[in-house]
Each structure stands twice: as C-alpha cells, then as structure tokens.
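Here are some notes for your reading of this entry. Please keep the sequence and the 3D view open while you go through the points.

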Amino acid sequence: MTNLALFVRLEAKKGKEAEVEKFLKGAQSTVENEPATISWYALRMGPSTFGIFDTFTDEKGRQAHLAGEVAKKLMAKAPDLFSANPTIEKVEILAVKTPEMGHH
C-alpha cells in the first residue's frame, strides 16, 4: 500500500474560478505520464476553493511530482490565478479503500 500523498489547497482570485478549473482538468494528461504518481484528484471544495490530492509509490515519486511539469505550471500561473500561495501539505495515508482490480 502506498502511504505517501500530497494535499494542495488553491484559492482562486475572484473571476478566475473557471480558469483554475480548466487548468486543473488540463493537468490530468501531464500527470498520466508520471509513473510514480499512483492516483491524482483535482477537487473543488467551494465556489473559489480548489484542491489537488495525489498519492505516490515512495518519497522519490512524491519529490519527482513536486519538481514536475504540473507544479512548475502551477507556480508560474499562481500570481495570476490565486489569491494566496498554494498550500502544499505532505500527507501520510493511514487507511485506504479502493475498488478491487478487475471490478468496476
């Protein structure tokens, strides 16, 4: 079981909510090319509050993601899209339920 994750909280500037949503949806294809990123979720928690939750095989994979393309693009766009700097929390997963392989 993977027990390493990241939780990133993003607060969109007024009027930039749709752009943030589009950015997050567009990031999926980049993350799909990261073998050490096991799962990746783009979240909306409120009208202007967004988040990213992702899990990793190991610390090396987590660091690779933090140094990867999505993080670079996120930080480049941060001053334009977000009212505050993204908060990045390193999370430890204590328990998980996932669908069994082969059952959908």
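1. A residue counts as buried when its relative accessible area is under 20%, as exposed when over 50%, and as partly exposed in between. Arg44, with a relative accessible area of 43%, is therefore partly exposed. Please bear in mind throughout that this is a predicted model.

2. The sheet. Four strands make up an open sheet, and their order across it is S2-S3-S1-S4, with antiparallel pairing. At the edges are strand S2 (37-44) and strand S4 (87-92), each of which pairs on one side only. Direction ignored, neighbouring strands of the sheet are turned by 15° against each other on average. As background, the strands of a sheet pair through backbone hydrogen bonds, either parallel or antiparallel.

3. How many bridges join strand S1 to strand S3? There are eight, between residues 4-11 of S1 and residues 49-56 of S3, and the two strands run antiparallel.

4. The structure has seven salt bridges. In one of them the side chains of Glu21 and Arg44 meet, at 2.6 Å from N to O. Because Glu21 belongs to helix H1 and Arg44 to strand S2, this pair ties together parts that are 23 residues apart in sequence. Glu21 has 26% relative accessibility, so this residue is partly exposed.

5. Asp80 sits in helix H3 (residues 69-81), while Lys16 sits in the loop between S1 and helix H1 (17-31); the two are 64 residues apart, and the pair links distant parts of the chain. Asp80 is partly exposed at 38% relative accessible area, and Lys16 is partly exposed at 21% relative accessibility.

6. Glu69 forms a salt bridge with Lys72, and their closest N and O atoms are 3.8 Å apart. Why are these two residues separated by about one helical turn? Because they are three residues apart in helix H3. Glu69 counts as partly exposed, at 42% relative accessibility.

7. Aromatic rings. The count of aromatic pairs is one. The rings of Tyr41 and Phe53 have centres 6.3 Å apart and planes at 35°, so the pair is tilted. Tyr41 is in strand S2 and Phe53 in strand S3, so the pair ties together parts twelve residues apart in sequence. Tyr41 is partly exposed, with 45% relative accessible area, and Phe53 is partly exposed as well, with 24%.

8. The nonpolar core. The largest nonpolar core has 16 residues, and those that touch the most other members are Leu10, Val20, Leu24, Phe50, Ile52, Leu74 and Phe82. At least two residues of this core come from each of S1, H1, S3 and H3. Which element supplies the largest share? H1 does, with five residues. In soluble globular proteins, nonpolar side chains tend to be buried together.

9. Around Phe50. Apart from neighbours within four places in sequence, Phe50 contacts several residues, including Val8, Leu10, Val20, Leu24 and Leu43. Glu21 and Arg44 are also among the contacts of Phe50; these two form the salt bridge described in point 4.

Conventions. Residues numbered from 1 in each chain as written. Predicted model: local features only at pLDDT ≥ 70, side-chain atom pairs only at ≥ 80, totals over all residues. Heavy atoms only, no water. Pairing = 2+ DSSP bridges. Axes fitted to C-alpha atoms, helices over the stretch in contact; angles between N-to-C directions. Salt bridge = Lys/Arg side-chain N within 4 Å of Asp/Glu carboxyl O. Buried < 20%, exposed > 50% of the residue type's maximum accessible area, 1.4 Å probe, protein only. Phe/Tyr/Trp six-rings, centres within 6.5 Å; stacked < 30°, edge-to-face > 60°. Core = buried A, V, L, I, M, F, W, Y, C linked by side-chain atoms within 4.5 Å. Contact = heavy atoms within 4.5 Å.
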